[in-house]
Amino acid sequence: MSTSCRLWETTLPRIPVDLPLSVDREAPTALVTQLGDLLRTAMRDGTLKSGERLPSSRSLARQLSVSRTVVTEAYQQLYAEGWLEGRHGSGTYVADLAPREPEDPAVPSPTRL
């Protein structure tokens with residue numbers, strides 16, 4: 001009986017994103033809030049693009065010198081807001097339909113016919 005070894009390729013790169021993030025322990029804002037705001041801004045301004053893989057919570061916590069709980073809570077909040085999505089066994093990614101800034105109410109939106 002013959003067995004074959006098949007190498008599985010993923011369609012998504014597993015290259016970690018280098019995030020130039022830093023938190024300020026002296027700031028009055030909680031570290032979780034700071035991190036969430038930084039990641040949200042990076043997604044909003046295009047530094048982090050839809051479908052891009054984020055670092056693991058352990059890796060990002062080590063990079064920022066914070067507890068892993070800070071990162072997991074920030075990630076959880078961004079999941080709840082629709083900014084992030086998890087892919088079982090694959091990691092955390094920027095959601096394909098990341099929320100957009102609300103439109104200016106003074107500018108009328110196009111009407112559909």
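The following dialogue examines how terms are applied to this predicted model.

Guide: In this predicted model, local features need pLDDT of at least 70 and side-chain atom pairs count only at pLDDT 80 or more, while totals for chains, interfaces and linings use all residues. Residues are numbered from 1 along each chain as its sequence is written, and side-chain values use heavy atoms, with hydrogens and water left out.

Visitor: Why is leucine 19 called buried?

Guide: Buried means under 20% relative accessible area, exposed over 50%, and partly exposed in between, with a 1.4 Å probe and protein chains only. Leucine 19 has 2% relative accessibility and therefore counts as buried. Leucine 19 lies in the segment before α1.

Visitor: What makes glutamine 34 buried?

Guide: Its relative accessible area is 12%, so glutamine 34 falls under the 20% limit. Glutamine 34 belongs to helix α1, whose buried residues also include Leu31, Leu35 and Arg40.

Visitor: Which residues does glutamine 34 touch, leaving out those up to four places away in sequence?

Guide: Contact means heavy atoms within 4.5 Å. On that basis glutamine 34 touches Val23, Asp24, Ala27 and Thr29. Leucine 19, with residues up to four places away again not counted, touches Leu39, Leu48, Leu54, Pro55 and Gln63. The C-alpha atoms of leucine 19 and proline 55 are separated by 8.6 Å, although these residues are 36 apart along the chain.

Visitor: What is the span of α1, and what span is expected?

Guide: Helices are DSSP runs of H or I with at least four residues, and strands are runs of E with at least two, numbered from the N terminus. The expected span of a helix is 1.5 Å times one less than its number of residues. Helix α1 (residues 31–44) has 14 residues and reaches 20 Å from its first C-alpha to its last, close to the 20 Å expected. Just after α1, glycine 46 takes a positive phi of about 90 degrees.

Visitor: Which members of the largest nonpolar core touch the most other members?

Guide: A nonpolar core is a set of buried Ala, Val, Leu, Ile, Met, Phe, Trp, Tyr and Cys residues joined through side-chain atoms within 4.5 Å. Among the 22 residues of the largest one, Leu35, Leu39, Met43, Leu48 and Val66 touch the most other members. Helices α1, α2 and α3 each supply at least two residues of this core.
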